[in-house]
Amino acid sequence: MAHKINIYKTQNSRLAEFDPHNIGFGKIFTDHMFVADYDGKNWTDLRIEPYSQIQLSPATSALHYGQAIFEGMKAFSASGEVWLFRPKENWKRLNTSAKRMVMPELPEDIFMQGLTALVDIDRQWVPGTDGSSLYIRPFMFATDEHVGVRPSEKYKFIIFCCPVGPYYNNPLRVKVEEHYSRSAPGGTGFAKCSGNYGGSLFATKKAQEEGFDQVLWTDPVTHEFVEETGTTNFFAVIGKNIVTPDLSENLLAGITRDSAIKLLNHMGYEVEERPLSILELKKEFHNGNLKELFITGTAATLINLVGFGHNHHFFDVMAQGDTSISSSLKSLLDGIRYGQSEDVFGWMQKVEQELGEPA
Ligand code: COI
């Protein structure tokens with residue numbers, strides 16, 4: 001169904017100030033945003049308006065009780081056109097998160113029409129420089145002005161965009177976390193809800209104070225099995241096998257993780273999705289079989305790990321391994337996203353030009 005989206009174009013574009021050679025990550029915002037309001041029954045007042053501050057009551061329910069979910073996705077510039085990468089997967093995951101957080105689901109056509117109209121209108125912001133993209137942040141939060149723990153009746157859904165470069169610039173050193181937990185059985189680990197990220201910061205800060213870049217979360221019961229890093233999913237190349245922790249209610253089902261598995265299969269590799277213990281990683285490291293560690297995520301794309309720290313010992317996998325499988329995988333993934341390799345799975349969706357000026 002085609003929805004009426006009111007378009008309020010900015011009179012003060014900031015595009016001329018945008019330097020595509022100096023973008024960083026998440027600090028520059030495009031000219032517009034898509035907004036929809038849930039009134040307790042329906043999504044209403046669909047609009048694209050200038051990116052701006054939003055006014056909230058101090059009693060806004062999301063600020064107190066955490067009904068807030070989000071997605072991360074990307075658009076790419078290739079052959080003079082703008083392309084979204086697997087956008088429907090983000091729509092599906094948004095609604096998985098919404099269900100878990102007792103929030104209203106967003107119909108596919110509102111998500112897709114709002115998204116494509118926004119990326120179209122701001123298409124000139126999609127950077128064409130090497131390794132860059134347009135990071136897209138859809139999110140939903142509870143807007144009832146109410147003190148009391150219960151699901152909100154009203155919600156706001158917004159999509160805004162940032163031109164971005166790489167999220168991580170160099171291979172990471174991760175600390176195996178054995179005390180703190182990111183998620184728990186029956187918890188919200190599989191949902192992309194804001195609280196999961198807020199709750200991860202303390203352990204991450206401690207790891208960073210010890211010289212690591214990130215935490216490698218382990219299962220919350222035994223702390224023996226790898227889960228994810230909190231911003232990414234984890235892969236290990238052990239001998240000729242590629243292993244990634246199997247999905248459980250504790251892990252976020254990364255769209256880049258899924259893409260990596262499909263591409264590795266396409267490249268002729270088997271990927272084992274199964275429990276992966278720290279003990280196994282250490283044993284294979286000592287046997288010289290732990291060849292590559294890498295992580296995947298929308299923001300991060302794919303980046304190698306230097307190694308992992310466990311029990312005051314650092315296992316420097318890069319020093320004794322190589323990065324051949326992860327490098328080939330990243331080249332293929334980038335090739336598809338930047339239009340240089342065949343889109344074997346039909347993942348790229350062209351954003352038709354209707355509202356914005358040509359890029
Ligand atoms: C993403 O990868 O899109 C995320 O939401 C994680 C965050 C590190 C930006």
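Trainee: Which residue has a backbone N or O atom 2.8 Å from an oxygen atom of the ligand?

Mentor: This is a predicted model, in which local features need pLDDT of at least 70, side-chain atom pairs count only at pLDDT 80 or more, and totals for chains, interfaces and linings use all residues. Residues are numbered from 1 along each chain as its sequence is written, and side-chain values use heavy atoms, with hydrogens and water left out. The backbone atom at 2.8 Å from a ligand oxygen belongs to Ala 299.

Trainee: Which side chain places an N or O atom 2.8 Å from a ligand oxygen?

Mentor: A polar backbone atom of Thr 298 lies 3.4 Å from an oxygen of the ligand. The side-chain atom at 2.8 Å is that of Lys 192.

Trainee: From which domains does the shell around the ligand draw at least three residues each?

Mentor: The shell (heavy atoms within 4 Å of the ligand) includes Phe 70, Tyr 135, Arg 137 and Thr 231. Domain bounds come from an automatic or database domain assignment. The contributors are domain 1 (6-166) and domain 2 (172-337).

Trainee: How far apart are the C-alpha centres of domain 1 and domain 2?

Mentor: Contact, meaning heavy atoms within 4.5 Å, joins 20 residues of domain 1 with 21 residues of domain 2. Their C-alpha centres are separated by 27 Å.

Methods. Polar contact = N/O pair within 3.5 Å; in protein donor to acceptor, adjacent residues only side chain to side chain.
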